[in-house]
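Please walk through the structure shown below, going from a single side chain to its surroundings and then to another part of the chain.

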Amino acid sequence: SDITERKHTDEALRESEEKYRFLAENMMDIVWTVDLNFRTTYVSASVEKVLGFTPEERKRQTLGEMITPESVQRANEAFMGELRRVEEGTTETDRSIMVDAEYYRKDGSTRWMENCVKFIRNAEGTIVGMLGASRDITKRKQAEEEIQRARREWENTFQAVGHSTLILDGDNCLIHANAATEKATGKPEKDLIGKKCYEIFHNTDEPPEGCPFEKMMASGHLE
């Protein structure tokens, strides 16, 4: 009976170790801890799959060797901001924050990582480091940048149109106007937002008879 119970315990332990090993060896998120000087004290083996550095190499790197200068600044600002909240007593003990950073890979390329970070405290409650989990969001960042690029191109085209061009909402109120509209009315766009087109161009409180904009809004197309 004693041997059977021990075997059951050993088998359960073996299964648990296998599950942990599978998770540790196959996960793509990087789990890490750093001290208050941003020196790595622990990093999961997944760092090599994602960034090319072994855990031992990672522990020898400074923050500036891990991420780009812009990301170093962002990380420092987030760190100092959280410390201020702790000193002011305006944050929860187990609060975590999200910080995006651009990481260097061993081959010289970079990867954008989303970092979920929280402070590590000792038994007395003193902050002694940080615990983080990093996830590769490079594809998402590239998609966001492509969207921003397309928006910039659209806006440049919109502003370059030589005649007055408006974007109206469902109530026929202006939400965006190009530079030609500002020139035609002699007013900056901010003073035109929310106004109806006849208020802008006819300076009246009611649309003039046969107003094409009113017909368009009523019929769904410009006749």
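Beyond its neighbours within four places in sequence, W32 is in contact with Y42, V43, N115, V117, M130, L131, G132, A133 and S134. These contacts, like everything that follows, come from a predicted model.

W32 also has a place in the largest nonpolar core, which has 24 residues. Together with I30, L51, I67, Y103 and M130, W32 is among the members that touch the most other members. At least two residues of this core come from each of β1, α2, α4, α5, β3, β4 and β5. The largest share belongs to β3, which supplies four residues. As a general background, nonpolar side chains in soluble globular proteins tend to be buried together. Apart from this core there is a second, separate one of five residues, including L168, L174, A177 and I200.

The structure holds one cavity of 30 Å³ or more, and the volume of the largest cavity is about 430 Å³. Its lining consists of 31 residues, and those nearest the cavity centre are W32, F38, N115, V117 and M130.

Helix α5 gives the most, with five residues. By residue class, the lining divides into 21 nonpolar, five polar and five charged residues.

The last stop is Q159, in helix α6 (residues 138–160). Is this residue buried, partly exposed or exposed? Q159 counts as partly exposed because its relative accessibility is 29%, and buried would require a value under 20%. Leaving out residues up to four places away in sequence, Q159 touches H176, A177, N178 and A179. One of these, A177, is also a member of the second core. Between Q159 and N178 there are 19 residues of separation in sequence, yet the C-alpha to C-alpha distance is 4.9 Å. With A179 there is a polar approach as well: a polar atom of the Q159 side chain lies 2.7 Å from the backbone nitrogen of A179.

Key. Residues numbered from 1 in each chain as written. Predicted model: local features only at pLDDT ≥ 70, side-chain atom pairs only at ≥ 80, totals over all residues. Heavy atoms only, no water. 1 Å grid on protein atoms, 1.4 Å probe; cavity = no way out; pocket = protein on both sides within 12 Å on 5 of 7 lines; lining within 4 Å. Points joined across faces, edges and corners; volume = space filled by probe spheres on them. Nonpolar A, V, L, I, M, F, W, Y, C, P; charged D, E, K, R; others polar. Core = buried A, V, L, I, M, F, W, Y, C linked by side-chain atoms within 4.5 Å. Buried < 20%, exposed > 50% of the residue type's maximum accessible area, 1.4 Å probe, protein only. Contact = heavy atoms within 4.5 Å. Polar contact = N/O pair within 3.5 Å; in protein donor to acceptor, adjacent residues only side chain to side chain.
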